[in-house]
Amino acid sequence: METVRFYFSFRSPYSWFAFLRIEEALAGLPVVIDYIPIFPPKDYPRDLLADPVRCAYVRADAARFAKAYGLKLRAPNPFDTDWLRPSAAYLFAADCGRGREFANNAYALRFNKGRNIGHNDAIAEAARSAGIDQDSAVRAADDPVFRKRVLAGFVHAKQDGLIGVPFFVYRGEMFWGNDRIEWLLRAIATALGQPVPDLRSNPLAPPCK
């Protein structure tokens, strides 16, 4: 089994969309997914909030994706929080074998209900709905061990050449964006010797079957 590294951020609606799709997209393939939570550091030079034109586009684009997927999208207020906290709590949930459930709950609280998922009540609710101990998850959010593990993910991200989220790495090849999952599938199929559509003869064909 080979590994697909999946860098995601609880800050990003595109990471939410990718999180909802990736397991089903890769189901049945001989790969495992390594989920790595990250977030933009303070004073991140390419922060979309610093560019009102880009910010407006992302809001409209995310709403377009959400509508297509049948999801309710609500802008969180405030948009930012202490991103180490939900990321550290996620790693605790992952250690309990409930990482995906916790993340899906946290994303729903943030983008369905506009909640601040850095707060204890939201972390506790995401953990409880995932079937893990909510008090332990809240403690993990501030636990130096889990927080150090989150920061270690940035080292791997830098080594992988991460430029944004969601970000996938397979056999050293990089794929940036929820809409690059199909290209990730194409790379896996190619590695397995399976046929993929010939885009030279039909550039409008889907990247994979």
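Where does Asp-133 lie? I found Asp-133 in the loop between H5 and H6. I note here that the model is a predicted one.

**Entry: Asp-133**

Setting aside residues up to four places away in sequence, I listed what Asp-133 touches: Phe-92, Ala-127 and Arg-139. A polar atom of the Asp-133 side chain lies 3.4 Å from the backbone nitrogen of Asp-135. I also looked up the separation from Ala-75, which is 58 residues away in sequence; C-alpha to C-alpha, Asp-133 and Ala-75 are 28 Å apart.

**Entry: helix H5**

I went back to the helix before that loop. H5 covers residues 120-130, and its buried residues are Ala-122, Ile-123, Ala-124, Ala-126, Ala-127 and Ala-130. They pack against H3 (84-95), H4 and H6 (134-141). After H5 comes Gly-131, with a positive phi near 85°.

**Entry: helix H1**

I compared the length of H1 with what its residue count predicts. H1 has 14 residues (13-26), which at 1.5 Å a residue should span 20 Å; the C-alpha atoms at its ends are 20 Å apart, so the two agree.

Which residues of H1 are buried? I wrote down Pro-13, Tyr-14, Ser-15, Trp-16, Phe-17, Ala-18, Phe-19, Ile-22 and Leu-26. The elements they pack against include the strands S1 (2-8), S2 (31-37) and S3 (167-170). The helices H2 (52-69), H4 (99-112) and H8 (181-191) are also packed against by these residues.

At the start of H1, a side-chain oxygen of Ser-12 comes within 3.2 Å of the backbone nitrogen of Tyr-14. Just after H1, Gly-28 has a positive phi of about 85°.

**Entry: Arg-11**

Arg-11 is in the loop between S1 and H1. Its relative accessible area is 9%, so I recorded Arg-11 as buried; the cut-off is under 20%. Beyond its neighbours within four places in sequence, Arg-11 is in contact with Pro-40, Asp-47, Leu-49, Phe-79, Asp-80, Trp-83, Arg-110 and Phe-111.

**Entry: the sheet**

In what order do the four strands of the open sheet stand? I read the order as S2-S1-S3-S4, with mixed pairing. S2 and S4 (173-176) are at the edges and have a single partner strand each, so one side of each has no neighbour in the sheet. On average, and ignoring direction, neighbouring strands are turned by 20° against each other.

I followed one pair further. S1 and S2 are parallel and share seven bridges; Thr-3 has Val-32 in S2 as its bridge partner. Helix H7 (residues 144-160) lies across S1, S2, S3 and S4, and runs at about 110° to S1.

**Entry: Trp-176**

My last stop was in strand S4, where Trp-176 is found. Its relative accessibility is 43%, which means that Trp-176 counts as partly exposed. Apart from neighbours within four places in sequence, Trp-176 is in contact with Ile-163, Gly-164, Val-165, Pro-166 and Phe-167. For Gly-164, 12 residues away along the chain, I noted a C-alpha separation of 6.6 Å from Trp-176.

Methods. Residues numbered from 1 in each chain as written. Predicted model: local features only at pLDDT ≥ 70, side-chain atom pairs only at ≥ 80, totals over all residues. Heavy atoms only, no water. Helix = DSSP H or I, 4+ residues; strand = E, 2+ residues; numbered from the N terminus. Expected span 1.5 Å × (residues − 1). Buried < 20%, exposed > 50% of the residue type's maximum accessible area, 1.4 Å probe, protein only. Contact = heavy atoms within 4.5 Å. Polar contact = N/O pair within 3.5 Å; in protein donor to acceptor, adjacent residues only side chain to side chain. Pairing = 2+ DSSP bridges. Axes fitted to C-alpha atoms, helices over the stretch in contact; angles between N-to-C directions.
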